[in-house]
Amino acid sequence: MKNSIKDDIKKRYSKIVMSGNDDCCCMPGECKKGDSPIDATKLIGYDQEELESIPQEAILGVGCGAPINHAGLKEGEIVVDLGSGAGIDIFLASKKVLDSGKAIGIDMTDQMLEKARENALRGNYSNVEFKKGDIEENIPLDHNSVDAVISNCVINLTTNKTNAFKEIFRILKSNGRMVISDLITNVELHPEEINSDQWCECIDGALTKENYLSCMKQAGFEKIEILEERKYMDGEKINGREISSLVVRAIK
Ligand SMILES: C[S@@+](CC[C@H](N)C(=O)[O-])C[C@H]1O[C@@H](n2cnc3c(N)ncnc32)[C@H](O)[C@@H]1O
């Protein structure tokens, strides 16, 4: 099941990036069918002017918050975005860490990596890199090597959230920070209730807030702080469950 879900995730996100996500929108309740990816992205907290300054094909409208707004990135820092998609947060981060810093995107879907690299070439970015990797198995970066990790609506897609947080902990320098946007639910599903399509839409793999934060603690994180919390679909239920989005910061 673990492998078939991963294959389905890759299929879904390669289809989205190849279509430019023109028929789609972000997460339920945040935007209406027909909204452009840029409109959907503004709705979840991104700044229009900043969005206009990056390659437009990097904006797919598939996030659920704006962790970059809370990452406090500074010149010279190394930042990693997990599940970087077509590169939206990497291009925004690149302008904050400048040439003495570096922004590294990690994704497991080949077509996403291809599009992100094309976008980097088109925008002439010299301080960005995109690497292939499965964030819950092995992030392809050294121990204690990065200042900040960000991620937007990705950890809930993993089948073992604690492993993903352990990998983040491993690559962060001491006192490094992670800022994550993600979806949580009020009731978790039993394995037999899981629908692969809904997992890929970031719904069926969501944990309760308590379990989600507990995975971070088990990985070793401290000073865990919820920065934003919003209900999706104005609290309307999806298959009997409430879905919310969180932005969380934690320190190694
Ligand atoms: C909902 S999209 C978010 C993309 C991007 N963060 C954004 O906001 O546009 C999820 C992304 O995470 C990637 N992904 C999902 N599970 C992953 C994993 N285990 N390891 C690496 N990438 C993963 C997918 O390929 C996809 O590009």
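Guide: Here is a quick tour of the fold, then the ligand shell.
Guide: This is a predicted model, where local features need pLDDT of at least 70, side-chain atom pairs count only at pLDDT 80 or more, and totals for chains, interfaces and linings use all residues. Residues are numbered from 1 along each chain as its sequence is written.

Visitor: OK, how many helices and strands in the protein?
Guide: The protein has 8 helices and 7 strands; helices (H or I, at least four residues) and strands (E, at least two) are DSSP runs, numbered from the N terminus.

Visitor: And in what order do the strands sit in the sheet?
Guide: The 7 strands make an open sheet with mixed pairing, ordered β3-β2-β1-β4-β5-β7-β6. Two strands pair if DSSP finds at least two bridges between them. β3 (128-132) and β6 (222-231) are at the edges with a single partner strand each, so one side of each has no neighbour in the sheet. On average, neighbouring strands are turned by 15° against each other, direction ignored.

Visitor: How many bridges join β4 to β5?
Guide: 6 bridges, with β4 (residues 146-152) and β5 (residues 172-185) running parallel. A148 stands opposite R177 in β5.

Visitor: Which strands does α6 lie across?
Guide: Helix α6 (residues 161-171) lies across β1, β4 and β5, at about 155° to β5. Axes are lines fitted to C-alpha atoms, for helices over the stretch in contact, and angles run from 0 to 180 degrees between N-to-C directions.

Visitor: Which residues of α6 are buried?
Guide: K161, A164, F165, E167, I168, F169 and I171. Buried is 20 or more other C-beta atoms within 10 Å of a residue's own, with C-beta atoms placed from the backbone. Their cover includes β1, β4, β5 and α8 (209-219), where contact is C-beta atoms, placed from the backbone, within 7 Å.

Visitor: Switching topic: which residues come nearest the ligand?
Guide: G63, G83, G85, M108 and T109, out of 23 residues around the ligand. Being near takes a C-beta atom, placed from the backbone, within 6 Å.

Visitor: How does that shell divide into nonpolar, polar and charged?
Guide: 13 nonpolar, 7 polar and 3 charged. Ala, Val, Leu, Ile, Met, Phe, Trp, Tyr, Cys and Pro count as nonpolar, Asp, Glu, Lys and Arg as charged, and the others, Gly among them, as polar. α1 (2-19) and β2 (102-107) each supply at least two residues of the shell.

Visitor: Last one: what share of the protein is buried?
Guide: Buried residues make up 46% of the 252.

Note on methods:
Contact = placed C-beta atoms within 7 Å. Buried ≥ 20, exposed ≤ 12 C-beta atoms within 10 Å, placed from the backbone.
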